[in-house]
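Have a look at the model below, then read on.

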Amino acid sequence: MRYEEIREEIRAGTAARTLPAWAGRVLDDVAAGRSPVPAVRHPLGFVCLPVERSGDFGVCLHIWTPEVRPAPSTTSPVHCHSWDLLSFVLYGTVRNVRMEIDDAPGETSGREPAEETRQVFEVVSADGVDELRATGRTVRCSPGRSSAHRTGESYTLPAGVFHTTLIEDGRDAATVALGRRTPGGGDLSLGPLDIPTHLVHRSRSGHADAVRALRRSARRIAAAHRSPAPAASPPGERPSPDPHARHRRSARR
């Protein structure tokens, strides 16, 4: 499945019937070595499988798992995308916390305790390397509105909205993430005031860790979307007759 097909499944409300099986096949193929899609340790704490990159469109599987050690981060979890995000939650609970950003820090006295002063970094990515360019722009940020999204639900985040993503109810979650780049936007991250421009090399998960993580994720997808078994008849009660049986017997006479 590609970007347009997946977006249409989510829009039509049929994603819960189609995306879990598709994602399970992708995970099985990558784990078995039948697919060249890499399992990349993302600086935001998840394993990323970049399934499609086509011009301004992209499809990834994002997997939060204890099987893979998180990649180190040089900035913070607070960031914004240069693309509109549409995600479908395969399993787990994903909470997005939008951040309130003040571009005029001014005096620090009397500031709310939850507010922090951070520097804005522009993230320019190419060939597995992130260049984090220190812009010199400082802002204050504090938590704002948040929303939780559970198994089988979808959510959107517009380009340019600073946020952080938390995984609730354990360390396991996975999403199908669709991105559509918007003109004029940038990928930004908030970090310490004293960090200069620097490079971060993204690394693939170790093979054994990646295989364990992908197989664990495939099992959790299957468990979260398993079709319910038909209800068993109480002890001593005969199964309900086939409502069409009498008609079929009459037809054979």
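Helices (H or I, at least four residues) and strands (E, at least two) are DSSP runs, numbered from the N terminus. Axes are lines fitted to C-alpha atoms, for helices over the stretch in contact, and angles run from 0 to 180 degrees between N-to-C directions. This is a predicted model, in which local features need pLDDT of at least 70 and side-chain atom pairs count only at pLDDT 80 or more, while totals for chains, interfaces and linings use all residues. Residues are numbered from 1 along each chain as its sequence is written, and side-chain values use heavy atoms, leaving out hydrogens and water.

**Two packed helices**
- Helix H1 (residues 3–12) packs with helix H2 (residues 15–31) at an angle of about 145°, and their axes are 8 Å apart.
- In contact (heavy atoms within 4.5 Å), Ile6, Glu9 and Ile10 of H1 meet Ala15, Thr18, Leu19 and Trp22 of H2.

**The sheet**
- An open sheet is built from seven strands in the order S9-S5-S11-S3-S2-S1-S14, with antiparallel pairing; two strands pair if DSSP finds at least two bridges between them.
- Strand S9 (154–157) and strand S14 (203–204) each have a single partner strand, so one side of each lacks a neighbour in the sheet.
- Strand S1 (residues 40–41) pairs with S14 over two bridges, and valine 40 has arginine 204 as its bridge partner.

**Helices on the sheet**
- H1 lies across S2, S3, S5, S9 and S11, and runs at about 115° to S11.
- H2 touches S2, S3, S5 and S11, and its direction makes about 85° with that of S5.
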